[in-house]
Amino acid sequence: MATTSSPRKVDEVRQEANRLNSAARSANQLMEALTVLLNAKMLKYNWVGFYMMEAGADPPMLVLGKYQGAMTPHTRIPLNQGICGAAASSGKTVVVDDVKKDPRYLACSLETKSEIVVPVFVRGKVVGELDIDSHFAAAFADEDRELVEYCAQLVGKRLEGA
Ligand code: SME
């Protein structure tokens, strides 16, 4: 069963995300601020980063953008690889409670036990994703998923306006 983050904490972080959105002068600044916020305030969010679709790449490629946490060897991920590729190619949030049991998983840190990847959309098209790794198994319950999807939507809307 998924462990839960307190609803009050999730609500506080969502409000802080709204404040950061108002203060950010660009989508890039917003992405950076959101990675810092989620990594600092959500104790189980041990690696938080954005991967963005490379413009004009054929075949399509996800490229590491702003992130907080340990350096990752996966700076470029094709859409047919990893949990990241699965989320981007399906356009759906992917939650993995135990990464050891998922054959798609590309290891980033030996400490990672669970992961969530949420696509970022601009006018219905996947332009990137917000990826979070946890050192705890099953760290991402429904309220986490809602929070991370909310943050990804803020970025999508910001990119839409860009
Ligand atoms: N675990 C991801 C790769 C990226 S790292 O977690 C930062 C995946 O399976 O796609």
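Guide: Gladly! Let us begin with β4 and strand β5 (residues 114–122), which are joined by three bridges and run antiparallel. Within this pair, V94 has V117 in β5 as its bridge partner.

Visitor: What makes β4 and β5 a pair?

Guide: Two strands pair if DSSP finds at least two bridges between them. Three bridges join β4 to β5, so the two are a pair. Strands themselves are DSSP runs of E with at least two residues, while helices are runs of H or I with at least four, and both are numbered from the N terminus. Please keep in mind that this is a predicted model, where local features need pLDDT of at least 70, side-chain atom pairs count only at pLDDT 80 or more, and totals for chains, interfaces and linings use all residues. Residues are numbered from 1 along each chain as its sequence is written, and side-chain values use heavy atoms, with hydrogens and water left out.

Visitor: Which strands are called edge strands, and why?

Guide: The open sheet has six strands in the order β3-β2-β1-β6-β5-β4, with antiparallel pairing. Its edge strands are β3 and β4 (94–96), as each pairs on one side only.

Visitor: How do you know that helix α4 packs on the sheet?

Guide: Contact means heavy atoms within 4.5 Å. Helix α4 (residues 142–160) touches β1, β4, β5 and β6, and its direction makes about 30 degrees with that of β5. For such angles, axes are lines fitted to C-alpha atoms, for helices over the stretch in contact, and angles run from 0 to 180 degrees between N-to-C directions.

Visitor: How does the span of α4 compare with the one expected?

Guide: The expected span is 1.5 Å times one less than the number of residues. With 19 residues, α4 reaches 26 Å from its first C-alpha to its last, close to the expected 27 Å.

Visitor: Which residues of α4 are called buried?

Guide: Among them are L147, V148 and L154. Buried means under 20% relative accessible area, with exposed over 50% and partly exposed in between (1.4 Å probe, protein chains only). The buried residues of α4 pack against α1 (7–23), α2 (27–41), β1, β5 and β6.
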